[in-house]
Amino acid sequence: DHTPLGACGYCAANGLGAIALSGDGEAIARQCIAIRVIDNLDVSGPEAALEQALSKVAQLHGEAGAILIDRNGRIAWSHNSPHFAVGLATDACPDGRVRLGKDEA
């Protein structure tokens, strides 16, 4: 009984970027969070677009986390849950790093 809803929990748009979310699916879907972020990338930038969208999830008492990359290769991630595991590797950090929260150095 799991049906993916495009533009809610994941979205990729040519010339804009791509995002994937995890968390309370009902709150994420009701707010169409993924497309909100993609639509706001040019206006707000990656970090602000994520924060604005996650505040919508929190208004519904939901928890979520997301990771995205914009068309310029900027990577952003955020969460409103106690922990959200993220692993990423870049040219600057080819061995990668893994974090459970934004407060980890």
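The chain in this predicted model holds three helices and six strands. Reading from the N terminus, the elements come in the order β-β-α-α-α-β-β-β-β. The radius of gyration is 13 Å, close to the 13 Å that the globule rule gives for 105 residues, so the chain is as compact as a globular protein of that length. Of the contacts with a separation of 6 or more, 44% are between residues 24 or more positions apart.

Let's start with the sheet. Four strands form an open sheet in the order β1-β2-β3-β4, and the pairing is antiparallel. At the edges sit β1 (10–13) and β4 (75–79), each pairing on one side only. Neighbouring strands are turned against each other by 5° on average, direction ignored.

Now walk across from the β1 side. Antiparallel β1 and β2 are joined by four bridges, and Tyr10 stands opposite Ala20 in β2. The hairpin of these two strands has three residues between them, and there Gly15 takes a positive phi near 80°. Asn14 is also in the loop between β1 and β2. With a relative accessibility of 83%, Asn14 counts as exposed, because the cut-off for that is over 50%. Asn14 and Asp70 are 56 residues apart in sequence, yet their C-alpha atoms are 9.9 Å apart in space.

Take Ala18 as an example: its bridge partner in β3 is Ile69.

Helix α3 (residues 46–59) lies across β2, β3 and β4, and runs at about 25° to β4.

What does the inside look like? The largest nonpolar core has 19 residues, and those with the most contacts inside it are Ile19, Leu21, Ile33, Val37, Leu50 and Leu68. Leaving aside residues up to four places away in sequence, Val37 touches Ile19, Ala49, Leu50, Ala53 and Leu68. Over the whole chain, buried residues make up 35% of the 105 residues.

Finally, have a look at two loop residues with backbone angles worth checking. Most residues other than glycine have a negative phi. Cys32, in the loop between α1 and α2, has a positive phi near 45°. Cys32 is partly exposed, at 33% relative accessible area. His61 is the other case: it is not a glycine, but its phi is positive, at about 60°. His61 is found in the loop between α3 and β3. At 75% relative accessibility, His61 counts as exposed.

Technical notes
Residues numbered from 1 in each chain as written. Predicted model: local features only at pLDDT ≥ 70, side-chain atom pairs only at ≥ 80, totals over all residues. Heavy atoms only, no water. Pairing = 2+ DSSP bridges. Axes fitted to C-alpha atoms, helices over the stretch in contact; angles between N-to-C directions. Contact = heavy atoms within 4.5 Å. Rg over C-alpha atoms; globule rule 2.2 N^0.38 Å. Buried < 20%, exposed > 50% of the residue type's maximum accessible area, 1.4 Å probe, protein only. Core = buried A, V, L, I, M, F, W, Y, C linked by side-chain atoms within 4.5 Å.
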